[in-house]
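Biologist: I would like to learn how to read salt bridges and helix packing in a model. Could we go through some cases together?

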There are 2 protein chains.
Amino acid sequence: METQLFVQIALNGWNQQVARAEKFFNGLSDEAFQRTVGAGKNRIIYLYGHLTAYHDMLKETLGLGTATHSFLVNDFLKNADDVKANMPSVAELRQYWAEVHNELNVLFAALPAEDWFKRHNAMTDEDFKKDPTRNRLSVLLSRTNHIAYHFGQLVLA
Amino acid sequence: METQLFVQIALNGWNQQVARAEKFFNGLSDEAFQRTVGAGKNRIIYLYGHLTAYHDMLKETLGLGTATHSFLVNDFLKNADDVKANMPSVAELRQYWAEVHNELNVLFAALPAEDWFKRHNAMTDEDFKKDPTRNRLSVLLSRTNHIAYHFGQLVLA
């Protein structure tokens, strides 16, 4: 019973942060995505692609599926924001955001609660034995904090 | 076993965010606390007091203890940042931050894992029956995201 409960609490937190960010992005005109979160700092479009690319990779980190939007990695994860980069359009990014989060929703809904306590793919069985807190659930909580971190910046834009 | 594990994961996340913020604040000169996180936005000193005041109140929200620094509420929670406010000095705030987080560490260390699943003080027994995910643990996760949110802003200052 409690296993189910913690997983639900962790997923509630994730869903809240995703929904809050999504509402923010959906409320912006395409032009507004060129605004920065501070003088000389990231543009909104960069953080939009950054969260999309990182969440796309999350499927692999959790060992639940394969990345379907790896073409975003270069512009939004490997490199800093660059106005000269040949980025996808905002309309395309809106589609990618929806696709990635729909994929995650399907995978999360299908995962039995106890499987959230298994190790994530970025660590070995041996390390996991030493520290069983480094499981899928801890990755989900960490990614939830990561959204909050960037959302705090987005509201300054 | 899993109850203990989940509480540990949630506490690890909280401790990481607190430590990251603390390291940031400890690395700043007193003068640097007057910098803002963006043009016309909050000063660092405000966010320092804001997190301290909010975490002081967390003891009451969780029903684990009493607030010991309520004198911070007016300047840092009820009101927006105001350069004309008669705020405590940075040296005083450094002391309050340490006091509040030490108090929390003691309370958290003494709380049996299963007690994290009890309802928090901001809700009724009846509401808790309807939604048992609204427990102390969900409050801790939410406050952890709140630190990340403001930390994302602090790094822009």
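This is a predicted model: local features need pLDDT of at least 70, side-chain atom pairs count only at pLDDT 80 or more; totals for chains, interfaces and linings use all residues.

Biologist: How many salt bridges does a search of the whole structure find over all chains?

Modeller: The general idea is a side-chain nitrogen of Lys or Arg within 4 Å of a carboxyl oxygen of Asp or Glu. Over all chains, the search finds 16 of them.

Biologist: Which side chain meets A:Lys59 in a salt bridge, and where do the two partners lie?

Modeller: The partner is A:Glu103, with 2.3 Å from N to O. A:Lys59 belongs to helix 2 (residues 44-61) of chain A and A:Glu103 to helix 4 (residues 90-110) of chain A, so the pair, 44 residues apart, links distant parts of the chain.

Biologist: Is A:Lys59 buried or exposed?

Modeller: Buried means under 20% relative accessible area. A:Lys59 has 2%, so A:Lys59 is buried. A:Glu103 has 25% and therefore counts as partly exposed.

Biologist: Which residue forms a salt bridge with B:Asp56?

Modeller: That is B:Lys59, and the closest N and O atoms are 2.7 Å apart. Both residues sit in helix 2 (residues 44-61) of chain B, three residues apart, which is about one turn of the helix. B:Asp56 is buried at 1% relative accessibility, and B:Lys59 is buried too, at 2%.

Biologist: Which residues do salt bridges with shared partners join into one network?

Modeller: In chain A, they are A:Asp56, A:Lys59 and A:Glu103. Another salt bridge is the one between B:Arg119 and B:Asp125, with 2.8 Å between the closest N and O atoms. B:Arg119 is partly exposed, at 25% relative accessibility.

Biologist: Now the helices. At roughly what angle do the axes of helix 2 of chain B and helix 4 of chain B cross?

Modeller: They cross at roughly 30 degrees, and the axes come within 9 Å. Angles under 35 degrees count as roughly parallel, so helix 2 and helix 4 of chain B are roughly parallel to each other. The crossing is left-handed.

Biologist: Which residues make the contact?

Modeller: From helix 2 of chain B they include B:Ile45, B:Leu51, B:Asp56 and B:Lys59. From helix 4 of chain B they include B:Trp97, B:Glu103, B:Leu104 and B:Phe108. By class, the contact has twelve nonpolar, four polar and four charged residues.

Methods: Residues are numbered from 1 along each chain as its sequence is written. Chains are lettered from A and ligands numbered from 1 in the order in which they are written. Side-chain values use heavy atoms; hydrogens and water are left out. Helices (H or I, at least four residues) and strands (E, at least two) are DSSP runs, numbered from the N terminus. Buried means under 20% relative accessible area, exposed over 50%, partly exposed in between (1.4 Å probe, protein chains only). Axes are lines fitted to C-alpha atoms, for helices over the stretch in contact, and angles run from 0 to 180 degrees between N-to-C directions. Angles under 35 degrees count as roughly parallel, over 145 as roughly antiparallel, 65 to 115 as roughly perpendicular and the rest as oblique. A crossing is left-handed if the near helix is turned anticlockwise from the far one by less than a right angle, and right-handed if clockwise. Contact means heavy atoms within 4.5 Å. Ala, Val, Leu, Ile, Met, Phe, Trp, Tyr, Cys and Pro count as nonpolar, Asp, Glu, Lys and Arg as charged, and the others, Gly among them, as polar.
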